[in-house]
Amino acid sequence: MAVQYTIRDNVAVITLDNPPVNGLGHSTRAGIVEGIERARDDAGVAAIVMIGAGKAFSGGADITEFNTPKATQEPTLATVIKAVEGSGKPVVAAIHAIAMGGGLELALGAHYRVAAPGAQIALPEVKLGLLPGAGGTQRLPRAVGLETALEMIVSGTPVKSEKLAHTALFDKMAEGDLLDAAVRFAARVASHNGPHPKVRDREIDHADADGFIRSAREHIARTAKHFPAPHKCIDAIERGVKEGFERGLAFERECFLALVQTPESRALRHAFFAERAAGKIADVPSNTPTRNIQRVGVIGAGTMGGGIAMNFLNAGLPVVLLETKQDALDRGLANIRRHYEAQANKGKLSHEQVDARMRLITPTLAYGDLAQADLIVEAVFEELDVKAQVFRQLDDIAKPGAILATNTSTLDVDAIAAFTKRQGDVIGMHFFSPAHVMKLLEVVRGAKTEKDVLATVMQLAKKIRKTAVVAGVCDGFIGNRMIEQYVRQALFMLEEGALPAQIDRAIEQFGFAMGPFRMSDLAGNDIGWAIRKRRYRDEPQMRYSGIADRLCEAGRFGQKTGAGWYDYRDGSRDATPSRAVDDMIVAYSKERGIERRSIGDDEIVERLVYALVNEGAKILDEGIASKASDIDMVYLTGYGFPLWRGGPMFHADAVGLPNVERAVRHYAGQANGDAWQPAARLTRLAASNGRFNA
Ligand code: NAI
């Protein structure tokens, strides 16, 4: 039963009981209405308490009902709220832990609210590109005031219940047992003569509502350019302020229905479900046993090792950090401390927390100190010989059952596993730089990786707050393999007629956080150079423009050398287009007999994005990614792909795969067309007008 009905003294208790967070699915909604009617018909009942069982009052809509007929089947949430609000006997919502979205809207329909401290109160619909569609934009301002409500609705951010204790949202804060307090409160208000107060009848007091709303609009115009929902939230609130509750409510409904259809909301909902789906692996069920990870080892205290270690320290896991030389170890430790102290100076950590985290590190030069680690992550130089040395030693000293992970970005994880006699315990954990900041973790499943090893790493990823996506073994896994095709196109377009600043601007306008050339200057152009040198040797059929090599031969490695695709004057990080580089590009085209032409921004965006899409389709064909939404997650969390477009594969679905395929075939017939072999899946799905994200 999704709802229980019991009687305490002369108070009816309606308990929402739909784990995990009492989502307001159809049976829960129907159960509440039944409870209200039953209480109405029972002469022995004087008041009603609504409370949540388990971990929440209510987390809002039941996400398993999204896009199903049940979501809109009567009683809808609006009907439930009407029944609650219209009850002749007072209804008291007893709120603990979570009252979000529809859950909060339901509570706002009650006559009174009693809350436990520490409850998270929010209307997070905006994060899915929507607005609260069951009166939230109308009732919340009447309960907590215009400013607080607008901030909550437009940001979707939770606020702790005690912070709202002084507002009309809560009639009482309950320190002890919540149900006891709510029942006592209900019995007391039942003795008052009705009618009982309704939030909808309250006035919105504000000295200058127009001025406030205007400044909120200006702020949103700057910060939420690509998202229609925050604007609609403000519109709906304003309507209620100016024209009253009923008109506001009708307008809110209109806005909700319009927003559900927007591409931005579709993309945000896709991302929401894609994140959940990424954790589900077809042949590794959620009840797969996991190994216990209490102690972690990290090998290499360089750029990545230090960041990786911090992830575990932040989650309270002790880390043994190993280096080959004392000075490298000292440097690595100093970097970690410097980072934490900077956090403390910004007020994000206390000095005690800094010390506590530093105390969790055991620095060492001796492999023997890793013998007790349950998981060891390697982040040493990207050379197979060095990895071989490390994994052979790990095989000797690691305890049985320890998970051995490599952070390699390009090497063969199966080959690395083969340096050990325990290949089932080896896995890739590909962090992104800076490793303590970036959300993405590619979890690379080797041919022999045991299922419990995979399940353990996926679970651990949650603990260290990463978005983990499973990838199979291939050069570059999902993310870097795709980006290579994107970068190849960017370079081809340079020799065909574009310049770095134009390409960066076009793709940044499409919504990427940073274009390929600014990105490469930041990461270091020498990294790509090293990869290309390997390609020239191992995959000579994969042609590259020689322009990037020429840049590197000139020593222009990017920001770190003060010069790359752009100039960085006097240590500045601001990219200034470089005359010298532009001349070099034009000269290169001439040398090669390429007649430069003007390339439009549309072509730039298509070639860059469809290069990702086509390679993504190949990755699906080969089973390197098991679903298109995993690829989207990689690009949204690791590569700055615009969130409102939902990721490359979702974007391609939105454009229409027949259109994408036609463009790919077109480019295949142009200069540098050999880079465009259409993926079998793209051709097949285009022919059937299908989608990558079915
Ligand atoms: P780095 O050069 O900054 O750090 C490597 C560290 O490993 C150095 O401190 C070195 O002293 C230490 N080291 C070398 N051999 C060792 C050994 N046998 N035992 C113990 N320590 C040893 O390199 P970075 O950038 O941190 O890369 C490390 C790994 O992470 C590489 O496999 C790289 O491909 C991968 N990676 C790098 C990313 C990046 O953006 N830098 C992103 C994702 C993965």
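Helix α14 contributes the most to the shell around the ligand, with four residues; helices (H or I, at least four residues) and strands (E, at least two) are DSSP runs numbered from the N terminus. This is a predicted model, in which local features need pLDDT of at least 70 and side-chain atom pairs count only at pLDDT 80 or more, while totals for chains, interfaces and linings use all residues. Residues are numbered from 1 along each chain as its sequence is written, and side-chain values use heavy atoms, with hydrogens and water left out.

**Ligand surroundings**
- Of the 23 residues around the ligand (one heavy atom within 4 Å), Met-304, Glu-323, Glu-382, Lys-387 and Ser-409 come nearest.
- By class, the shell holds 10 nonpolar, 10 polar and three charged residues, with Gly counted among the polar ones and Asp, Glu, Lys and Arg as charged.

**Polar contacts (N or O pairs within 3.5 Å)**
- A ligand oxygen atom lies 2.7 Å from a side-chain N or O atom of Lys-387, and a ligand oxygen atom is 2.8 Å from a side-chain N or O atom of Asn-407.
- The protein covers 80% of the 830 Å² of accessible area that the ligand has on its own (Shrake-Rupley method, 1.4 Å probe).

**Sheet**
- Three strands form an open sheet of mixed pairing in the order β5-β7-β8, where strands pair if DSSP finds at least two bridges between them.
- The edge strands, β5 (98–100) and β8 (159–160), each pair on one side only.
- Strand β7 (residues 120–122) runs antiparallel to β8 and is joined to β8 by two bridges, with Ile-121 standing opposite Val-159 in β8.

Technical notes:
Polar contact = N/O pair within 3.5 Å; in protein donor to acceptor, adjacent residues only side chain to side chain.
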